[in-house]
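Trainee: Could we go through this structure together? I would like to begin with the strands and then move on to other parts.

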Amino acid sequence: TLREQKVFNKWVIAEGKVFNKINKIKSMEGLVIREIGIGIDYGSVNPTTFVPIALCFRQSDRRWVLVRLQCYYHDSKKEDDNPTTEYYSIQLKMFILLLKDKYPNIPITDIVIDSEASHFDNRLTTDGIKHTLSRKGSGSVDEGVQHLQALLDKEIFYILEEPSIRYILPDGRYEEDVVDRSLLEFDSYQYDRVKSANSGINCYKKELDHSIDATRYCLREFVDTGRCPVV
């Protein structure tokens, strides 16, 4: 659909799966990480997810690529709890410590959160966690999703397939899910054909898109600072 619209200038209503190509890897072997950014989608009722994206140099073909690392994915409905912004702020601190322990000497350069999550923004500011707000505007969702489609198609963006983290305990231990919830979102993300036809622009079903939104926030920051190509 994207090729029909952008290359051949045809009006084609987008439908079905958004990501027909997902680049999965099982390990970080052969990849040298330069830095890590974290995109965050916060939800008081919906899931909250921390999505770390690593800028890596692949030694086999001497090429820069982006890799989504193991995610934090807490679904309050599934866990039957009601976390506060303070809880998620502490979870973020613990998640950062996990990343630093797993990838020592690798800087975490960016933390980008949903600009509409004002309560979480205030909490992180109070707790001294440096972060920036996502940049949104008219058409930003479609633009971000199309950019992600292109990065996957050009084999610049990869997903490290690992079970997502449900929560982190005060002693640093954590509980994993049985599956990679973020990867499930990528695999099930679909266009909203009815809204697309009515609005004249590509629309997406607002069901399982939390880690996809977080990924878009981080990639937008990488683009704006010259660390991710626009393809």
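Mentor: Let us begin with strand 8, residues 157-160, in what is a predicted model. Phe157 and Ile159 point one way from this strand, Tyr158 and Leu160 point the other way, and all are buried.

Trainee: Switching to helices: how many residues does helix 5 have, and how far does it reach?

Mentor: Helix 5 covers residues 140-153, which is 14 residues, and reaches 20 Å from its first C-alpha to its last. That is close to the 20 Å expected at 1.5 Å a residue.

Trainee: Why is helix 5 described as largely enclosed?

Mentor: Because 11 of its 14 residues are buried, helix 5 is largely enclosed by the rest of the structure. Among the buried residues are Val145, His147, Leu148, Leu151 and Leu152, but also Asp142 and Gln146.

Trainee: What comes just after helix 5?

Mentor: Glutamate 155 follows there, with a positive phi of about 60 degrees.

Trainee: New topic. How many disulfides are there in the whole structure?

Mentor: The search finds 0 disulfides. Take cysteine 218: the closest cysteine sulfur, in cysteine 228, is 9.2 Å from its own sulfur, which is too far for a bond.

Trainee: Are those cysteines buried or exposed?

Mentor: Cysteine 218 is buried, with a relative accessible area of 0%. Cysteine 228 also counts as buried, at 6% relative accessibility.

Trainee: What about the aromatic rings: how many pairs are found?

Mentor: The whole structure has 12 aromatic pairs. In one of them, tyrosine 42 and phenylalanine 120 have ring centres 4.9 Å apart and planes at 5 degrees, so this pair is stacked.

Trainee: Where do tyrosine 42 and phenylalanine 120 lie?

Mentor: Tyrosine 42 lies in the loop between strand 2 (31-41) and strand 3 (48-58), while phenylalanine 120 is in helix 4 (residues 118-126), so the pair ties together parts that are 78 residues apart in sequence. Both tyrosine 42 and phenylalanine 120 are buried.

Mentor: By contrast, tyrosine 87 and tyrosine 88 form an edge-to-face pair, at 5.5 Å centre to centre and 70 degrees between the planes. Tyrosine 87 is partly exposed at 28% relative accessibility, whereas tyrosine 88 is buried, with a relative accessible area of 1%.

Trainee: Which residues do ring pairs link into a cluster?

Mentor: The cluster consists of Phe19, Phe157, Phe186, Tyr189, Tyr191 and Tyr204. Phe157 brings us back to strand 8.

Trainee: What lies over the face of tryptophan 64?

Mentor: Arginine 34 does, at 5.5 Å from the ring centre.

Note on methods. Residues are numbered from 1 along each chain as its sequence is written. This is a predicted model: local features need pLDDT of at least 70, side-chain atom pairs count only at pLDDT 80 or more; totals for chains, interfaces and linings use all residues. Side-chain values use heavy atoms; hydrogens and water are left out. Buried means under 20% relative accessible area, exposed over 50%, partly exposed in between (1.4 Å probe, protein chains only). Helices (H or I, at least four residues) and strands (E, at least two) are DSSP runs, numbered from the N terminus. The expected span of a helix is 1.5 Å times one less than its number of residues. A disulfide is a pair of cysteine sulfur atoms within 2.5 Å. Rings of Phe, Tyr and Trp (its six-membered ring) pair if their centres lie within 6.5 Å; planes under 30 degrees apart count as stacked, over 60 as edge-to-face and the rest as tilted. A charge sits over a ring if NZ of Lys or CZ of Arg is within 6 Å of the ring centre and within 35 degrees of the ring normal.
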